[in-house]
Amino acid sequence: MCIPRLEIQEKSGTNWIKLRSVFTPFILILIVMFFFTVPISLAQSKMKKVNLNTGVKLKYVVEGPEDGIPIIFLHDATDSSYSWCLTIPFLSDTYRTYALDLRGHGNSEKPLHGYSIVQFSEDVIAFIDELAIERAVMDGHSLGSLIAHQLASVYADRVSHLVLLSSATTAVGNEIYKFLWDEIIGRPEFQDPIDPQFIRELKTGPNPIDPVFFENVVTEAAKVPAQVWKLTFRGLLTNDHTDFLDDINIPTLIMWGSLDVFFSLSDQQALQAALGITPDFVVFDNAGSNIHWEEPQEVASEIRFFIE
């Protein structure tokens, strides 16, 4: 994950680092140099591997005290565990955090099958079984949120709290995903290697974020083979478990950015109506779909307040 205890902020058009601990100037220089040159290497060095009974090997990063409440972080399509590295440092002092590379993503195994939302959720259940986690907070972003509420609708006894960022009942019929499929990802010429400029345009939101972090996000997305892009987006556009969301009666938090181009306010209202419980709903004004990149500390604060 990213170096803990460092908060990247935008101020007066330049990036600055606000230290959350006190360091000598010399140590500060070393830490800044280290942070800006090897964040991906650091993340990989801390990764663990698990062989699941679903037939896939997943990589993951674990942080926090062993006796802390477990939180499982599930990333969006073509992202990886690295997607959460700005948020987790604000939680791992108290909670046991697990950020997964979903099958086909990041440094996990990349089979040419198994990219339905149901299969992703079965991988997550197999993961918590393998690590002997009885119950956990499920925290998902976009695709990860659909996986999280699919899992919660089937395995309610394994989920203590549900946290959904940039979510909806389903992506079936979503105009943006359909456009991406019809015009780019679903076309025969969409092949390896994936154009980094396309990834940048896809991942760019309405607000500035740290450029080094963003380029690492692009690098992580470029690891995903074209065939996995295709299978994952096909799964998004065909898998709909809306009818089963009313089986969810566990505490649920929905977070949404008002400038989210993937899922609208009406999507949030439909999701709230479909659940079997009235969820907490937090709107981040002027934030896009990647609110955990744009406002990681605020997202972490909402999660902490919700769980506690």
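This is a predicted model: local features need pLDDT of at least 70, side-chain atom pairs count only at pLDDT 80 or more; totals for chains, interfaces and linings use all residues.
Residues are numbered from 1 along each chain as its sequence is written, and side-chain values use heavy atoms, with hydrogens and water left out.

Let me start with the whole chain. Its secondary structure comes to eleven helices and ten strands, where helices (H or I, at least four residues) and strands (E, at least two) are DSSP runs, numbered from the N terminus. Of the 308 residues, 54% count as buried; buried means under 20% relative accessible area, exposed means over 50%, and partly exposed lies in between, with a 1.4 Å probe and protein chains only. If we take the contacts (heavy atoms within 4.5 Å) between residues at least 6 apart in sequence, 75% of them join residues at least 24 apart.

Now to the helix pairs. For these, axes are lines fitted to C-alpha atoms, for helices over the stretch in contact, and angles run from 0 to 180 degrees between N-to-C directions. Helix α5, residues 175–185, packs with helix α8, residues 226–238, at an angle of about 145°, and their axes are 10 Å apart. The contact is made by Y177, K178, L180, W181 and I185 on the α5 side, and by W229, K230, F233, R234, L236 and L237 on the α8 side. By class, these residues divide into eight nonpolar, no polar and three charged; here Ala, Val, Leu, Ile, Met, Phe, Trp, Tyr, Cys and Pro count as nonpolar, Asp, Glu, Lys and Arg as charged, and the others, Gly among them, as polar. The crossing of α5 and α8 is left-handed, a term used if the near helix is turned anticlockwise from the far one by less than a right angle, with right-handed used if it is clockwise.

The second pair is α3 and helix α4 (residues 143–154), which pack at an angle of about 70° with their axes 9 Å apart. That angle makes α3 roughly perpendicular to α4, given that angles under 35 degrees count as roughly parallel, over 145 as roughly antiparallel, 65 to 115 as roughly perpendicular and the rest as oblique. From α3 the contact takes I117, V118, F120, S121, V124 and I125, and from α4 it takes L143, L146, I147, Q150 and L151. Sorted by class, this contact has nine nonpolar, two polar and no charged residues.

Is Y115 buried or exposed? Its relative accessibility is 5%, so Y115 counts as buried. Leaving aside neighbours within four places in sequence, Y115 is in contact with R103, G104, K110, F120, V228, L231, T232 and G235. A polar atom of the Y115 side chain also lies 2.5 Å from the backbone oxygen of P111.

The loop between β5 (70–74) and β6 holds S83, and T78 is found in that loop as well. S83 counts as buried at 2% relative accessibility. Which side chains does the side chain of S83 meet in polar contacts? One is that of H292, at 3.0 Å, and another is that of W293, at 3.0 Å; a polar contact is a pair of N or O atoms within 3.5 Å, where, within protein, one must be able to donate a hydrogen and the other to accept it, and residues adjacent in sequence count only if both atoms are side-chain atoms.

T78 has a phi near 70°, a positive value in a residue other than glycine, and at 0% relative accessibility T78 counts as buried. N286, in the loop between β10 (280–284) and α10 (291–294), also has a positive phi, near 65°, but N286 is exposed, with a relative accessible area of 51%.

Finally, the peptide bond from D192 to P193 is cis, with omega near -5°, and P193 lies in the loop between α5 and α6 (196–203).
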